[in-house]
Amino acid sequence: MGPAGGAARPGPFFGVYLLYCLNPRHRGRVYVGFTVNPARRVQQHNGGRKKGGAWRTSGRGPWEMVLIVHGFPSAVAALRFEWAWQHPRASRRLAHVGPRLRSEAAFAFHLRVLAHMLRSPPWARLPLTVRWLRADFRRELCPPPPPHMPLAFGPPPPRARERRAGPSADPEPERDRDADASCALCARSFQDEEGPLCCPHPGCRLRAHMICLAEEFLQEEPGQLLPLEGQCPGCKNSVLWGDLIWLCRMGDEEEEEDLELEEEHWTDMLET
């Protein structure tokens, strides 16, 4: 298997969260949003529009971030999930989800929608984690998430960063440049614009095109388009597809700053 659920993971964080209003005048209101930094984002919501919060939450705080779904392979994937969660009646993938009942609280309705989203394509095959940030708000999801989606509690684990090479850094062992320059499955070279997928297990030097490794993993599931898990052709260990994607897209601090700006940009666009 890949990294443990509570361990630091490489690469940028993409999450879609659920806010709950604690203000007695607006208690019970909820808000769904996208973030790359949960702690910073909830502070912005409680700080109002001047602090980067959303128009719908401004002046109605305090807000509590009670749940977040993370593990999306890209910001676009997370934003699409956010939109569908916000607009279930407009999403063709959620046509089977009934409208909110008169006696149904907004919080309960959003959890019901979320439960069906996690069981609907394409989200049902993503390496997502459902994380309760407030255990006292926890409710059982019905239907429950797929078996490969863990249920977690507490703040998200810190993101691991690659150590940048410098004058004092220990040199890495010499690698076989010819072997690294071609896919282990099709033997074709990698193009400059595409990074190879690398096995996360120590000592394994497998490097392969994304499409080649996906086809290898999907031999056990011929009717699917996106793998969940597979056996590494190199070391024969089990590997989660989501971990391979995370390792391939490890970001740096400049990329994270760009994503935070993108988060604020999308919030402004959707609410103006």
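W132 touches V66, L67, F107, L111, F137, R138, R139, L151, A152, F153 and G154, leaving aside residues up to four places away in sequence. Contact here means heavy atoms within 4.5 Å. The model is predicted: local features need pLDDT of at least 70, side-chain atom pairs count only at pLDDT 80 or more, and totals for chains, interfaces and linings use all residues. Residues are numbered from 1 along each chain as its sequence is written, and side-chain values use heavy atoms, with hydrogens and water left out.

W132 lies in strand β5. Helices (H or I, at least four residues) and strands (E, at least two) are DSSP runs, numbered from the N terminus. W132 is buried, with a relative accessible area of 1%. Buried means under 20% relative accessible area, exposed over 50%, and partly exposed in between (1.4 Å probe, protein chains only). W132 and P155 are 23 residues apart in sequence, yet their C-alpha atoms are 8.2 Å apart in space.

Two of the residues that W132 touches, F107 and L111, are among the buried residues of helix α3. This helix covers residues 106–117. Its twelve residues should span 16 Å at 1.5 Å a residue, and its end C-alpha atoms are 16 Å apart, which agrees. The expected span is 1.5 Å times one less than the number of residues. Nine of the twelve residues are buried, so α3 is largely enclosed by the rest of the structure. The buried residues are A106, F107, F109, H110, L111, V113, L114, A115 and M117. They pack against β2 (15–21), β3 (30–35), β4 (63–70), α2 (75–86) and β5 (129–132).

The axes of α2 and α3 come within 10 Å and cross at roughly 135°. Axes are lines fitted to C-alpha atoms, for helices over the stretch in contact, and angles run from 0 to 180 degrees between N-to-C directions. α2 and α3 are therefore oblique to each other. Angles under 35 degrees count as roughly parallel, over 145 as roughly antiparallel, 65 to 115 as roughly perpendicular and the rest as oblique. At the contact, F81, A84 and W85 in α2 meet H110, V113, L114 and M117 in α3. By class, this contact has six nonpolar, one polar and no charged residues. Ala, Val, Leu, Ile, Met, Phe, Trp, Tyr, Cys and Pro count as nonpolar, Asp, Glu, Lys and Arg as charged, and the others, Gly among them, as polar.

The protein has seven helices and eleven strands. Of its 272 residues, 42% count as buried.
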